[in-house]
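Colleague: Could you take me on a close look at one helix contact in this model, and then at some of the ring interactions elsewhere? I would enjoy a connected walk through the details.

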Amino acid sequence: MRQSFRFHLFLFGFASVTYAVEPIHFSREILPILSENCLSCHGQDEKHRKADLRLDTREGATALQDGVAAIVSGKPELSELVERIVSDDKDELMPPPKSHKPRLKPEQVELMKRWIAEGAVWGKHWAYEMPVRGAEPLSGNGRSDVSAPAHFPLRSAIDRFVWARLKKEQLQPSPEAERHTLLRRVSFDLTGLPPKVEEVAAFDGSSASYEAVVDRLLASPHFGERMAMWWLDAARYADTDGFQSDSNRENWPWRDWVVEAFNANMRFDQFTLEQFAGDLLPNATPEQKLATAFHRNHMTNGEGGRDPEESRVDYVLDRVNTIGSVWLGLTLGCTQCHSHKFDPIAQTDYYGLTAFFNSIDEDGKAGKSAKPYLKYESKHVSRAIEEAQHLVDGRKVAEIAARKAAETPFAGWLDARKQEVRGGFAAWQPLRGTLESSEGSKLTQEADATVQVAGPNPNQDDYRLIAPVKLARVTGLRLEVLPHASHVKGAFSRGKSGEFILTDIKVQVRRPGSSQIRDVLVKSAAADFVPPVKGGYGDIKGVLDDDPRNGWSTKGAPSIAPHTAVFALAEPLVLATEDELIFELRQRSTLGDANIGRFRLSVTDQRGPAVMGVGPAPLEELASATAMDAKLRARLFEQFLADHEPYQIAQRALERANAQFNEAKAAKVAEVMVLAEKPQPRETFLLVRGVWDKHGEKVQRGGLPEIAPLTVENPTRADLARWLTGPKNPLSARVFVNHLWQLCFGTGLVKTPEDFGLQGERPSHPELLDWLAVECNESGWDVKHLIKLIVTSSTYRQSSSVSEPMLARDPENRLLARGSRFRLPSWMLRDAALRASGLFHPVLGGPPVKPYQPAGVWEENFMGRFTYEPSEGPAQFRRTLYAFWRRSIAPTFLFDSAQRRSCEVRTPRTNTPLQALTLLNDENYLEASRALAALALKKPEPIREMVQRVLSRDLRGSEARILERERERALAYYHAHPQDAVRLIARGQFVPNANVSSTDLAAHMVIASLLFNLDEAITHE
């Protein structure tokens, strides 16, 4: 073994290579070996290159070092590369034993030898060569291959390429899917919705009928919604900023722009151009400027202490990484810190791309400071306002009727209260119990329950009073902050100003001997003094959000006097005998030195006005009044109504409707984050090791010279968009048609849609991918044309049934010998349930809505700043596309969704048990099940109706007997347990027909839920 040529040539395990009769193909057979096993140490990244040896170029691999070369063309016996991979010397062998990798297999070594012997012909990675529309597979006589089975007519080039591969693999394609299965498949793929019962009946299974179905689906407004759901994942769209504060944003008009663009079949190159540079186009319309929100959908970081410039740089990098995933299929993020180890992308190339976005007129701030913004009036808001107004009007009528109906029981209640308060009445009961301080202050409770603070005076402190409660229930708490001579200026604290700042309160329940503590939700707060200045420390409402930057203070009050605050609980709290109530006062202001020095806590069991203000409670007024006037009677009526459940149901419904109406009105003019150039461009520098403030050499805007040069002088973002979809870019068309194939088959022709580089997977059908890419270019990037071409192919129409041997041979269906079968995404499942149940509200666009989620889903994470209230009325039953998306807590019923924190182009699949729990118990599906049951009960054959709506087919064989048996079991149970039936159907807002018994409805609801959970119902067959 020659010793003069020392280099570390790492060759890791590579899959077996199939010998070919034709000459070795560098791109398909050799380059993947070099990429997987050599280029991390011997690639273009000179900072990590070992022994100054490059194997990513022919020049580097054949260069002489100390008289020898790694590869000697035509002479494997003189090639150092071959000697290293066959060596028995552990010090010379590659891969070395210390790498814990097995040595190359004999067939791999032979492949390398043959390639070198043939002349070591070099070439590009397949994805970096321009796609060519190769000849479609033909038979020997030059005509289309007619040997395909009769059930697999060769309708297009897609089928011819697939059939050629199947013949080579000695496989047969599957028959066409059943009529209803094919209709369901194409309906889900093109609209994200199952077919209606009447659509199933109208489809006869013929080719003409099927093509008419495809045309109808492509023309449906729901096509744009289905495509938008894919695009929103890629665009990392959400309705909040992300990170700790996760503030709300108003980019939703861009989401509607996407839907409309797909529905109008905007060509994808124009779709790209407007999202990259709509603001730069001549006479740009508001919609074209709106389109650029694509590049502002990234998360924004407004956390305190973070340098805004660091955030701004992150946003620029995110845009480039997104371009890499969505348009180029390249892991561009790898080049942020160094040149790509595998693909021919230098670090300077990466920062040349960032230069296109480095001069956006932004400063790295978040929230409403995240300029630039576009004020945009959406045409869809008026519809949302009208719907919300209609809901308010209807519920207002119900609220007035409930109030009027309450007059009669109120009269009896009032007579009883008059007798009760004859001897006097005290609404508030002082709390006495154990006192704690988190920072060592000394707390002492006096005979009247007043607490005095002494001892150390920390800058911040939390006080806790832990006490038993003798009341049957607790509806509110009162805090009295008292002045004292021992305080500075005789005021409220021992701090230098004498003032206090209460930043937050916490109400909890614990049981002695148990480590579990239960939080109690406080609904509202009122105080006797609120400073006129908004924000900061003053407003009593600031104590409800766990935010130390705001809270209650009485600074500015005209005199030193006791102050009172009252806190109303969201629901009356009923305590067990052994339970203890914990009231915590948190004093964590950023100013500090303002801890309360003297206070008293009390509780009440009164509702209504008693806990909504700081004055005397209505019953206290009644006890001291000599006569009842209209004002007192009105206050007493309000207290009665607060405990009168029929009225409370109507009032709460009206409150929710009013809140929804106010949200809709506030959305009339949205402030959307868009792109706009700075008047003076920023200079762009390579970032040393990717660190945001470590500038290296200055770079100019550019493309990827080794893959697709951008030759325009002084290019703009518009030129960047045109470069991406231009005829000389070898990647974008391939990547785009692969996305479309993935939408229809579940997996792309390239399984790694985000990585077409050397580390990505090779296409299963490379000639077909190239044919489609050329078709994409030549059709003018016509989205609907390409999708129609795919879904009308025989390949797409195959049955997904599979034998055990075939499943073992091709478990992922990469050979396309059958239809694709996979779990439908959770958003489709919810939308499908809404349509099948008759609840579906099909309108397009507008502000986000809030589908059902578990109670309190936001509160714990957001210090009380955000409260989730499900939408009311028709808004509740809109498509999942329009669901409000909080990044830190995505909609909980989406158990397999993208995270929307960064670009994602590979569809997640799941078999998690969470899916079953959600489909069986989530409010969205419970209400859909109940609505479907109520709808079906209007039909002569309810079970048959439900099966047709959920499965798009009729009952088969023993299915009717099984479902009838389960219905009888459910009926028997609910007849024996009628209250369980009432509880089951009493969820959500759907109102069933009063003529239908609760037991019948509950039993059929069980059958509906069973159908929604069938594998057939939740699977792309």
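**A helix contact and some rings**

Modeller: Happy to! Helix H16 (residues 381–405) packs against helix H17 (residues 407–420) at an angle of about 40 degrees, and their axes are 5 Å apart. Angles of 65 to 115 degrees would count as roughly perpendicular and those under 35 degrees as roughly parallel, so H16 and H17 are oblique to each other. Please keep in mind that this is a predicted model. On the H16 side, the contact is made by Arg403, Lys404 and Ala405, and these meet Glu407, Thr408 and Pro409 of H17.

Now to the rings. The count of aromatic pairs comes to 38. One of them joins Phe268 and Phe271, with 5.6 Å from centre to centre and 35 degrees between the planes. Stacked would need planes under 30 degrees apart and edge-to-face over 60, so this pair is tilted. Both Phe268 and Phe271 belong to helix H12 (residues 268–277), where they are three residues apart, about one turn of the helix. Phe268 is buried, and Phe271 is buried as well.

Rings also meet charged side chains here. Arg886 lies over the face of Trp858, 4.2 Å from the ring centre. In another such arrangement, the charged end of Arg185 sits over the ring of Tyr796, at 5.7 Å from its centre.

How values were computed. Residues numbered from 1 in each chain as written. Predicted model: local features only at pLDDT ≥ 70, side-chain atom pairs only at ≥ 80, totals over all residues. Heavy atoms only, no water. Phe/Tyr/Trp six-rings, centres within 6.5 Å; stacked < 30°, edge-to-face > 60°. Helix = DSSP H or I, 4+ residues; strand = E, 2+ residues; numbered from the N terminus. Buried < 20%, exposed > 50% of the residue type's maximum accessible area, 1.4 Å probe, protein only. Lys NZ or Arg CZ within 6 Å of the ring centre and 35° of its normal. Axes fitted to C-alpha atoms, helices over the stretch in contact; angles between N-to-C directions. Parallel < 35°, antiparallel > 145°, perpendicular 65-115°, else oblique. Contact = heavy atoms within 4.5 Å.
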